[in-house]
Amino acid sequence: WGDPQLSYEIKIVRPKHRASGRGVKSSGDKFYVTPNLYEALQYLRYPTEPRYLWIDAICIEQENPKEKSQQVCMMAEIYSRAKEVIVWLGPPTSTFDTAVEFLESLRPLDLVRLDRVIHGAQFLSKWCALAKIMEHQYFRRLWILQEVGFARRAMVLSGNSRVDWQVFADGFILFGDRFDDIRQVSYQSRDPDTAQIIAASR
């Protein structure tokens, strides 16, 4: 996802003991990526040691329809064999940090505390943060369920902040299940901005 304009240049450097495969850029080749991917690579790289990443925009020859078709058939195997699947949402934001802190505080959640979290006006700012994250364009991608569904482990990242996908998914489900109650509390708060953010996330 992100701006499709290929405007950022990276350099492909392959380990000397690995020969270049067909369709793979050789060591020292220049390669252009989207701003979003370029930014992700800055955060995902290790400062002092190599890190192995499979990124479709780089590992699949995008201008080769035959290769793209073959790779699509292998997606389930690729994601299921990955040590970890990364859901990249972009640079760090206070909204993401607020949502993550809130979601992690909900586990484990008993019925008494659940009622307080759903109906307490003091939690509206937390629900708003989660609602904003839910509107991220990443979650509009049709193949997202395949990416995380086959993963042995998936992590959601925003900058250096991270949270387990299951924690995220549980929060989304809870928000959806209790949406009407949360929206009602937002209306009662008499804060039009909060009510609009909550309502728009449906």
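**Exercise 1.** In this predicted model, classify how helix α7 (residues 124-134) and helix α11 (residues 192-200) are arranged, given that their axes come within 9 Å and cross at roughly 45°.

*Solution.* 
- Step 1: Take the crossing angle of roughly 45° between α7 and α11.
- Step 2: Angles under 35 degrees count as roughly parallel, and 65 to 115 as roughly perpendicular.
- Step 3: The angle therefore makes α7 oblique to α11.
- Step 4: As for its hand, the crossing of these two helices is left-handed.

**Exercise 2.** State which residues of α7 and α11 meet, and sort the residues of this contact by class.

*Solution.* 
- Step 1: On the α7 side, the residues are Leu124, Trp127, Cys128, Ala131 and Lys132.
- Step 2: On the α11 side, they meet Thr194, Ile197 and Ile198.
- Step 3: Sorting the contact of α7 with α11 gives six nonpolar residues, one polar and one charged.

**Exercise 3.** Describe the nonpolar cores of the model, starting with the largest.

*Solution.* 
- Step 1: The largest nonpolar core has 42 residues.
- Step 2: Leu89, Trp127, Phe139, Trp165 and Phe168 have the most contacts inside this core.
- Step 3: Helix α9 (residues 165-177) supplies the largest share of the core, seven residues.
- Step 4: As background, nonpolar side chains in soluble globular proteins tend to be buried together.

**Exercise 4.** Work out how helix α5 (residues 94-105) packs against α9, and what the contact is made of.

*Solution.* 
- Step 1: The axes of α5 and α9 are 10 Å apart, and the packing angle is about 85°.
- Step 2: Because 65 to 115 degrees counts as roughly perpendicular, α5 and α9 are roughly perpendicular to each other.
- Step 3: From α5, Phe96, Val100, Leu103 and Glu104 take part, meeting Val167, Phe168 and Gly171 of α9.
- Step 4: By class, the contact of α5 with α9 holds five nonpolar residues, one polar and one charged.

**Exercise 5.** Decide whether Phe96 is buried or exposed, and list what it touches.

*Solution.* 
- Step 1: The relative accessibility of Phe96 is 1%.
- Step 2: Buried means under 20%, so Phe96 counts as buried.
- Step 3: Leaving out residues up to four places away in sequence, Phe96 touches Leu89, Ile133, Val156, Leu157, Ser158, Ser161, Arg162, Val163 and Phe168.
- Step 4: Ser161 is 65 residues from Phe96 along the chain, and their C-alpha atoms are separated by 8.1 Å.

Conventions: Residues numbered from 1 in each chain as written. Predicted model: local features only at pLDDT ≥ 70, side-chain atom pairs only at ≥ 80, totals over all residues. Heavy atoms only, no water. Axes fitted to C-alpha atoms, helices over the stretch in contact; angles between N-to-C directions. Helix = DSSP H or I, 4+ residues; strand = E, 2+ residues; numbered from the N terminus. Parallel < 35°, antiparallel > 145°, perpendicular 65-115°, else oblique. Left-handed = near helix turned anticlockwise from the far one by under 90°. Contact = heavy atoms within 4.5 Å. Nonpolar A, V, L, I, M, F, W, Y, C, P; charged D, E, K, R; others polar. Core = buried A, V, L, I, M, F, W, Y, C linked by side-chain atoms within 4.5 Å. Buried < 20%, exposed > 50% of the residue type's maximum accessible area, 1.4 Å probe, protein only.
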